[in-house]
Amino acid sequence: MRIPRTAEPERLPRLPVMRYESVVQVRGLVKRYGSKTAVDGLDLDVRAGTVTAVLGPNGAGKTTTVETCEGYRRPDAGSVRVLGLDPVADAARLRPRIGVMLQSGGVYSGARAGEMLRHMAKLYAHPLDVDALVERLGLGSCGRTGYRRLSGGQQQRLSLAMAVVGRPELLFLDEPTAGLDPQARRATWELIRELRADGVSTVLTTHFMDEAEQLADEVAIIDGGRVAVQGTPEELCRGGAENTLRFTGRPGLDLGALLKALPDGTAAAELTPGSYRITGTVDPELLVTVTSWCAQHGVLAEGIAVERRTLEDVFLELTGKELRR
Amino acid sequence: MSGGTYTPRPGAAPVGRMIAAQTVLETRMLLRNGEQLLLTVIIPSLLLVLFSSVDIVDTGSGPAVDFLAPGVLALAVMSTAFTGQAIATGFERRYGVLKRLGASPLPRWALMTAKTLSVLVTEVLQVLLLAAIALGLGWSPHGNPLAVLLLLVAGTAAFSGLGLLMAGTLRAEATLAAANLVFLLLLVGGGVIVPLEKFPEGARAALELLPIAALSEGLREVLRDGAGLPVAQLGVLAVWAVLGLGAAARFFRWE
């Protein structure tokens, strides 16, 4: 696990592509709106060729951070480098190289889907084949449909297509699957994976843990305008000793006696009568200790389940907040 | 680099090509919008036909169409450069279109150039249509075409500045309401179909300073009376253009 600003940046040999070159480098970013501080000393690194998920609840500062990287906002303090450029001062050089998907809107209300995408393609020197992209995103049936008459999911996919059509090096996707049905969501994930395989770096914001777990090489959890923690999903879930063992049995077991048999740092609780939870380093040894203790006490432990820590658990521990809306 | 479908190959199109594409799109959006066509084409045409053929308003000596045609041309410029542009741009801002284009390779100045070109293309179509209708109603225009052109360009600049100022500072709904209201008020009080002589002396002096009055009176002096360059009216339009465009450049918010 990597705690920004205190620990050394870790370099993990995970991807075939890369020289670990930073495509986004944010240091001590502060952004205020009036008296409200939206981003409060945030650090973020995105390595070339990776998918980085910026995860956090509403109002955590995700969109403000991404929009500062896109050049829409000027930092009140700190520095932002995107592809080595200043997003505001070097905007003209940066814009052709990035693809942007806004959280909503961005299309003329009178435009047809295909027309808008074709127009975006004309602004770039070497755009993707528009028809192929339309097919790929399942927008073939609505090429002649006006934007206002598209479903929410179709509008999202059009917006994604507009972000990738210019063949960017780096994509910023603000909640790319919000409002999509499960099938469209998986199709979007698949496209992001294909983009990654072809060497496109992606920064995406999301509320969804499964999205981060499925897609991201790296996850940054943001809360209160700061990065609470950044690392790979595996690192974050492995970190600490917070796996859980659950079982049910006779109510009123002497958990104090059980704990004496378990390593230090393990906790046990009877959640409801007869329903037990043990948290700690849940390894094979611990499982054996618990079950043999039960055997010695004539308890048939039922429904034994070992649960890995999820990103949601990590998030709850870090912030005490629910991640989902 | 491998040759995957999505292998990055970034780059902006040449700026001329971007402006051309943007102009085509903006013009197409405008011509597709029914409410816009009502303002820019149908209302000016109806007013021209109605007031030329039915003697409702006393337009002074000479054929009514000679009075009305210049006024309706001024109205056409206002409907496109001011009302239409304000409403369209206001909603583009509201729906994040301006924001999204801001992240594309299209520079802001190129976007504004395309908007201006789109307004000019629309005005050419309007002038051709309205002139054809007026000629069919027996209109006999006089004067120097160059003076007419100069007035139309100055009027476009003045109205564009005011339209963009409104679109870039007010909420889209407020722009919609205000732009239509202003259109209506200036239609009545700007010498388009009602001669300014009908107003009391004091009011008239104030009304003459309005951009619509300067444009319609200026066009009338040239097209009906065969005057040379109407310097006073051009001056009024130039002041509005400088103030309007200057304020728009200063206060326009893209989001």
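This is a predicted model: local features need pLDDT of at least 70, side-chain atom pairs count only at pLDDT 80 or more; totals for chains, interfaces and linings use all residues.
Residues are numbered from 1 along each chain as its sequence is written, chains are lettered from A and ligands numbered from 1 in the order in which they are written, and side-chain values use heavy atoms, with hydrogens and water left out.

Let's begin with the records. An unreviewed UniProt entry assigns residues 31–255 of chain B to "domain: ABC transmembrane type-2". UniProt annotations like this one, given in the numbering used here with shortened feature names, may be inferred rather than shown by experiment. Over residues 31–255 of chain B, the model is 76% helix and 0% strand; helices (H or I, at least four residues) and strands (E, at least two) are DSSP runs, numbered from the N terminus. The unreviewed entry also places the feature "transmembrane region" at several stretches of chain B, including 37–56 and 117–140. Residues 37–56 of chain B are 85% helix, with end C-alpha atoms 25 Å apart. For residues 117–140 of chain B, the helix share is 83% and the end C-alpha atoms are 29 Å apart.

Now look at helix α6 of chain B, residues 145–169. Its 25 residues reach 36 Å from first C-alpha to last, close to the 36 Å expected at 1.5 Å a residue (1.5 Å times one less than the number of residues).

Next comes the meeting of the two chains. Chain B brings 32 residues to the contact and chain A brings 38, where contact means heavy atoms within 4.5 Å. Together they bury about 3,400 Å², 58% of it on carbon and sulfur atoms; buried area is the accessible area (1.4 Å probe) that two parts lose on being put together, summed over both. Y6(B), R9(B) and R100(B) supply 25% of the area that chain B buries against chain A, more than any other three residues.

Four salt bridges cross this interface of chain B and chain A, each a side-chain nitrogen of Lys or Arg within 4 Å of a carboxyl oxygen of Asp or Glu. In one salt bridge, R32(B) pairs with E115(A), their closest N and O atoms 2.8 Å apart.
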